[in-house]
Amino acid sequence: MWKRLRLTLEMIKFEHSIFALPFALTGGLLAFRESRFAVPHWPWILLWIVVAMVAARSAAMAFNRLVDADIDLRNPRTRNRHVPAKLVSTDFGWAFVAGASFVFLLAARQLNTLCFWLSPVALAIVFSYSFTKRFTSFSHMVLGLALGIAPAAAWIAVRGSLDWRILFLTAAVMFWTAGFDIIYSCQDFEFDSGEGLFSMPRLMGVRRALILARLLHVAMVWCLIFLGVALQLGTLSLVGIGAVAALLIYEHSLVKATDLSRVDAAFFTMNGWVSVLFFCFWAADIFLSRSYATRY
């Protein structure tokens with residue numbers, strides 16, 4: 001049992017939950033800031049946000065691996081993944097999806113009524129991505145939306161309602177995710193073309209797809225700037241945006257249409273740093289502004 005669970009967590013790359021989790025936590029902290037931190041039991045709320053985020057991602061990743069098992073088996077790059085390699089059985093995989101989904105629903109119920117009622121919608125969005133590559137080249141944007149709803153959901157978890165300003169962060173995460181997913185999918189250009197699967201590299205060619213990824217990341221930076229202005233954040237948030245922009249520039253320098261050998265470094269390493277550094281700077285800005293407001 002424990003071995004199968006360990007293999008399943010390995011299959012879904014559980015450690016990569018760090019990609020979108022910092023953005024969800026930032027959405028929660030911004031909501032606390034707008035509430036002047038006058039929210040009872042706020043550490044528990046943050047804890048349940050983390051549980052909900054990790055559970056939803058785990059369910060979605062396992063779902064994706066199961067739905068794509070036949071495609072992964074035919075793709076030389078992915079045929080050694082756990083399901084096609086029969087390291088994880090489909091029965092155990094579906095049981096894991098059900099268990100992670102239940103934990104997500106439980107966490108949503110612990111947050112507030114609106115979160116609970118919206119939780120099936122959130123699951124539908126994160127599960128739907130797995131099918132989109134079969135009929136639309138905009139599958140990257142659907143994946144972006146699946147991660148992008150996290151900060152908005154965290155805002156709702158704290159405030160019990162949605163504020164239009166947090167949608168700038170949703171858009172930023174959506175553009176960021178779509179951009180790096182396009183970079184990652186360039187590896188499968190030939191396979192997708194042969195299988196009739198949809199992606200931006202197949203639609204536009206690798207070179208133009210990489211240009212689109214850059215434009216999406218420029219859009220992400222602008223969305224973060226608009227969010228900072230809308231919420232009247234301080235200098236540290238701007239420094240954080242600058243750090244994100246610098247990392248994205250370096251990320252794109254690693255990948256060229258004629259050389260995709262460093263895609264993994266661009267995809268896994270750099271995007272992990274993007275989310276973590278963004279959270280550190282914005283969290284520091286939020287807590288310092290709270291400290292200043294309390295003092296004066």
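# Exercises on a predicted model

Contact means heavy atoms within 4.5 Å.

This is a predicted model, in which local features need pLDDT of at least 70 and side-chain atom pairs count only at pLDDT 80 or more, while totals for chains, interfaces and linings use all residues. Residues are numbered from 1 along each chain as its sequence is written, and side-chain values use heavy atoms, with hydrogens and water left out.

## Exercise 1: Ser-119

**Task.** Find the helix of Ser-119, classify Ser-119 as buried or exposed, and find the backbone oxygen beside its side chain.

**Solution.** 
- Step 1. Ser-119 sits in helix α6, residues 113-132. Helices are DSSP runs (H or I, at least four residues), as are strands (E, at least two), and they are numbered from the N terminus.
- Step 2. Look up the classes. Buried means under 20% relative accessible area, exposed over 50%, and partly exposed in between (1.4 Å probe, protein chains only).
- Step 3. Ser-119 has a relative accessible area of 2%, so Ser-119 is buried.
- Step 4. Check the side chain. One of its polar atoms lies 2.5 Å from the backbone oxygen of Phe-116.

## Exercise 2: Ala-62

**Task.** Is Ala-62 buried or exposed, and what is in contact with Ala-62?

**Solution.** 
- Step 1. Ala-62 belongs to helix α3, residues 42-67.
- Step 2. Its relative accessibility is 0%, so Ala-62 is buried.
- Step 3. Leave out neighbours within four places in sequence. The contacts of Ala-62 are then Met-11, Ile-12, Phe-96 and Val-97.
- Step 4. Compare sequence and space. Val-83 is 21 residues from Ala-62 along the chain, and their C-alpha atoms are 9.7 Å apart.

## Exercise 3: Aromatic pairs

**Task.** How many aromatic pairs are there, and what is the geometry of Trp-164 with Phe-168?

**Solution.** 
- Step 1. State the rule. Rings of Phe, Tyr and Trp (its six-membered ring) pair if their centres lie within 6.5 Å; planes under 30 degrees apart count as stacked, over 60 as edge-to-face and the rest as tilted.
- Step 2. This rule gives twelve aromatic pairs.
- Step 3. Trp-164 and Phe-168 are 6.0 Å apart, centre to centre, with 70° between the planes: an edge-to-face pair.
- Step 4. Turn to Phe-168 and Phe-226. Their centres are 5.8 Å apart and their planes meet at 50°, so this pair is tilted.
- Step 5. Find a cluster. Phe-23, Trp-176, Phe-180, Phe-278 and Trp-282 form one aromatic cluster.

## Exercise 4: Salt bridges

**Task.** How many salt bridges does the whole structure hold, and where do Asp-68 and Arg-134 lie?

**Solution.** 
- Step 1. Define the term. A salt bridge is a side-chain nitrogen of Lys or Arg within 4 Å of a carboxyl oxygen of Asp or Glu.
- Step 2. The search finds nine salt bridges.
- Step 3. Asp-68 and Arg-134 form a salt bridge, with their closest N and O atoms 3.3 Å apart.
- Step 4. This pair links distant parts of the chain: Asp-68 is in the loop between α3 and α4, Arg-134 in the loop between α6 and α7 (139-159), 66 residues apart.
- Step 5. Asp-68 is at 2% relative accessibility, so Asp-68 is buried. Arg-134 is at 31%, so Arg-134 is partly exposed.
- Step 6. Glu-195 and Arg-74 also meet in a salt bridge, 3.0 Å from N to O. Glu-195 is in helix α9 (residues 189-195) and Arg-74 in helix α4, so the pair ties together parts 121 residues apart in sequence.
- Step 7. Look for a network. Salt bridges link Arg-33, Glu-34, Asp-163 and Arg-165. Within it, the side chains of Arg-33 and Glu-34 meet at 2.9 Å, N to O.

How values were computed:
Polar contact = N/O pair within 3.5 Å; in protein donor to acceptor, adjacent residues only side chain to side chain.
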